Amino acid sequence: MKKYISAVALCMGVLCLNAQESADTALVDTAFVFTDVISIPTTSVKDQNKSGTCWCFAGTSYFEDEILRKKGDSLDISEMYTVRKCYEDKAEKYLRMYGATNCSPGGSVVDVPYVWKRYGAVPEEVYGGLHYGEDKHVHGELDAVISAYMKAVVSKPNKRVSTAWREGLKGILDAYLGPVPESFEYKGKTYTPKTYAESLGLDMDDYVALTSFSHHPFYEPFAVEVADNWLWAQYMNLPLDEFKAVVDNSLANGYSLVWAADVSEGGFKWKDGVALMPKGKSEADMDGTELSRWVKLSDSERANDKYDFKAPVEEIEVTQESRQEMFDRQETTDDHGMVIVGTAVDQKGNKYYKVKNSWDTNQVYGGYFYVSEPYFLAKTMSLLVHKDAIPSSIAKKIKK
């Protein structure tokens, strides 16, 4: 996924980092009044800080919620262990693809279950990933070093790849994130990463990645065409109404969801704690005085006027066709990973999804924000959900 303030790099790589750096997180006055309807128990809000690892913070938070749902245990599980294992495997694929694939900080909704199933997991207190003189995650240097190193390896200055490159990458990751323990003590027991993951009581095969785009057949899987899907993972494709029905059914039955979405829109207002898709004004909506002012505005000034809202406004109607066009024209981009943990309504009865972010708590809703249904329908890239949260009527249509 991509970062949000800049529309150039993919968040789950560089954009999600720039978004965090650029976000004004001061508390603000707002005329929105939200009433939570569904609030699923979740662990504390974390801070990815200056790292492009939103995908991992979202996925880890989600599985912590799943453990809460199933066992009642509130755990803090390491994000950086997962980030490290993904970097190792991204580098391997990058080399085998002669540098023609992604080797960046970014990732997707499937990366955390991929690592937990393949390599395991560790508690945060065992592997914090802060081995380089910082109190919070700051990955600019690490990302630059890995990128330069792998480009040098792929260039084959010795005419063939050496047998030392994996050890060299391990040295970089050890230096910045710390060596990975082969075994560790936790709460009076000895674990390996694999046995710790097994102790959590989750089966990674129970989780399904979903999307909704009409350039592929519905009810069949396909690899979503974004750079951060470096695994080329398959996502089950559902019509938009059924895609939304999965979310609503999940939340109604106590399941949160991993949410990958575009957050580069003007209607995404992190400091205000809300994301909308405003309809904007037309000439027919204005009286003479307002119209005379409006027609004199530049295109950028009209866009700013459209997104200058402090309270509920009329939003666009989103269809499968309009959603697809936004994706095809790359107006919808793969920016950021978060967790949907509930629903809410505003003072006018408009419906929202309550979302947990990973940009710390120094914000109007303590690290949460509210996403309108039109924004969700227009700007969602993908979801990760427990298979039991999919309505049976939809599950029956899915081709195995």
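1. A salt bridge here is a side-chain nitrogen of Lys or Arg within 4 Å of a carboxyl oxygen of Asp or Glu. The model is a predicted one, and by this criterion it holds 22 salt bridges.

2. Lys-379 pairs with Glu-265 in such a bridge, with 2.9 Å between the closest N and O atoms. This pair ties together distant parts of the chain, 114 residues apart, since Lys-379 belongs to helix H12 (residues 373-379) whereas Glu-265 sits in the loop between strand E7 (257-261) and strand E8 (268-269). Both partners count as buried: Lys-379 has a relative accessible area of 1%, and Glu-265 one of 15%.

3. Glu-66 and Arg-69 form a salt bridge whose closest N and O atoms are 2.9 Å apart. The two residues are three positions apart in helix H2 (residues 54-71), which means that about one helical turn separates them. Glu-66 is buried, at 1% relative accessible area, while Arg-69 is partly exposed, at 33%.

4. In helix H3 (residues 79-96), Arg-96 and Glu-92 lie four residues apart, about one turn of the helix, and their side chains meet in a salt bridge with an N to O distance of 3.0 Å. Arg-96 is exposed, with a relative accessible area of 59%.

5. Which residues are linked in a network of salt bridges? The network is made up of Arg-84, Lys-85, Glu-88, Lys-170 and Asp-174.

Note on methods:
Residues numbered from 1 in each chain as written. Predicted model: local features only at pLDDT ≥ 70, side-chain atom pairs only at ≥ 80, totals over all residues. Heavy atoms only, no water. Buried < 20%, exposed > 50% of the residue type's maximum accessible area, 1.4 Å probe, protein only.
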